[in-house]
Amino acid sequence: MSASTSPSASSLVATIRSRTASWTAPGRAKVFLSALVGPSHRSFLPFIPRPIKFLVAFIFLLNWRSWPFLWHYKVLSSIIKLDLSRRIYGRTPEKHRKWLGKISNIGGSPFELVSKIQCHAGLDDIDYNGHLSNSSYAKACDAGRIKAACEIFPAVFTDGVWAFLGSSSFYFIREIPFGATYEITTTIEGWDQKWMYLAHHFITYPTKAQRAKAISKSQKRKDAGGEASYPHLTMPSTPSQIDSPPANNSPTLKSISLPYDPPKTVSPHMVKRSLPEGALVHCVAISSYCLKVGRVTAPPAVVFISGGFGEPSKERWSHVQDLRFSKTYEPASTKPPVIRNRMRDILRGGWKTEHVEGWETNPETGVSRFWELEEYEERRAENVKEIYGAVQSGLRNLKEKGY
């Protein structure tokens, strides 16, 4: 009996496999390519010659990173992951509070947080010179900004805070060649009452041979009477600042003690950010973000405190969590208390009148010092003045001229 049924069973399995082969991703790709470049009587658009179809399919596959919705996935994936994590680990108020405590930067400094994202200079990102095009820097920076925002403010997103890009400026130092894998590091450099300023460094980690080849190429271009070579910025063994480019008459790689002096429109402090050893900086970008709850702007300092930042000795986080999970009792009711997130009201302007016990009131503003990050004020003011003063001044001059 088993012998007579074996052939039919095997044929049934073969039939199922043949019909379900196209359900997998490779199977779907095979069916698509077969329909596109297959024999004329069975292919899509039979009047187009097969060589042209092969060329179109080849270009389509090479540019897969620019397929529809892939940019959206790359940019929004950080938000989706954060939201899924909240739904899985924060189903109840108790679990939600515990989850926020795990993912937030409690007691940390905004200046110490570094967000990183890996990118690749693909065929769809380069220009006619074979380098990463100017627009590709901005496109890649979008994903870096969103990822950094999710890592900086995982808690306040549940309070209804959203970050909106106000401006971005790019300072191109050296080209990123085709096929190179580069990294975008995002750091917080300062803030004021409305804007939060982020710095983005596009860096690679070339080998010594690649570094020497790049310097030799730039030197030959200079000797041939061409344009001056791009400034070559590298990190010293102790990452304190970016080295200046090697001298034109220097045949070997040497560390120059004097820092590289960038154009006057860019603050030297912006390119002296401490980076990993061996990092080669290709571009520095600055972005200004406005943080809003609905249409109301929330001061970055208040948002930082709501996210857990600040000196641990200040013990702000426990009070913020109490506001976020405050219990409201209905009068003359036996029902359990309702959990109400008061932080949304605080971020919408309630911080101006929310006075915390044990904290002084600023006589100049009338606001509780609980909502002021005085411990970082000196560095914040210095960074805003030095890093962004020139850029803001230039934009202000253009505006006054009527541009």
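Student: What makes a residue of helix α5 (residues 93–103) count as buried?

Tutor: Buried means under 20% relative accessible area, exposed means over 50%, and partly exposed is in between, using a 1.4 Å probe and protein chains only. In α5, H96, W99 and L100 are buried. This is a predicted model, in which local features need pLDDT of at least 70 and side-chain atom pairs count only at pLDDT 80 or more, while totals for chains, interfaces and linings use all residues. Residues are numbered from 1 along each chain as its sequence is written, and side-chain values use heavy atoms, with hydrogens and water left out.

Student: Why is α5 called a helix?

Tutor: Helices are DSSP runs of H or I with at least four residues, strands are runs of E with at least two, and both are numbered from the N terminus.

Student: How do you know that the buried residues of α5 line one face?

Tutor: Look down the helix axis and take the arc of the directions from that axis to the C-beta atoms. The buried residues of α5 fall within an arc of 100 degrees, so they line one face. The face turned away from them carries E94, K98 and K102, which are exposed. As background, an α-helix has 3.6 residues a turn, so residues three or four places apart point the same way.

Student: What covers the buried residues of α5?

Tutor: The cover includes α4 and α9. Helix α9 is also where you will find Q321. Leaving out residues up to four places away in sequence, Q321 touches R97 and L100, where contact means heavy atoms within 4.5 Å.

Student: Is Q321 buried or exposed?

Tutor: Its relative accessible area is 2%, which is under 20%, so Q321 is buried.

Student: What makes a group of residues a nonpolar core?

Tutor: The members are buried Ala, Val, Leu, Ile, Met, Phe, Trp, Tyr and Cys residues joined through side-chain atoms within 4.5 Å. The largest core here has 33 residues, and I152, F153, W191, F304, L347 and W371 touch the most other members. Among the elements that give two or more residues to it are α6 (134–152), β3, β4 (195–204) and β5 (280–293). Helix α8 gives the most, with five residues. Not counting residues up to four places away in sequence, the contacts of F304 include P110, I188, M196 and L373.

Student: Why are D125 and R65 called a salt bridge?

Tutor: The name needs a side-chain nitrogen of Lys or Arg within 4 Å of a carboxyl oxygen of Asp or Glu. For D125 and R65 the distance is 2.7 Å, N to O, so the pair qualifies. D125 sits in the loop between β1 (114–120) and α6, and R65 in the loop between α3 (50–62) and α4 (70–89), so the bridge ties together parts that are 60 residues apart in sequence. D125 is buried at 3% relative accessibility, whereas R65 is partly exposed at 24%.

Student: How many salt bridges does the structure hold?

Tutor: There are 16. One of them joins R316 and E375, with the closest N and O atoms 2.9 Å apart. R316 lies in the loop between α8 and α9 and E375 in the loop between α10 and α11 (377–400), so that pair links parts 59 residues apart in sequence. R380 and E377 form another, at 2.7 Å; these two are three residues apart in helix α11, about one helical turn.

Student: Why is F69 called exposed?

Tutor: At 63%, its relative accessible area is over 50%, so F69 is exposed. F69 lies in the loop between α3 and α4, and has a positive phi of about 75 degrees although it is not a glycine.
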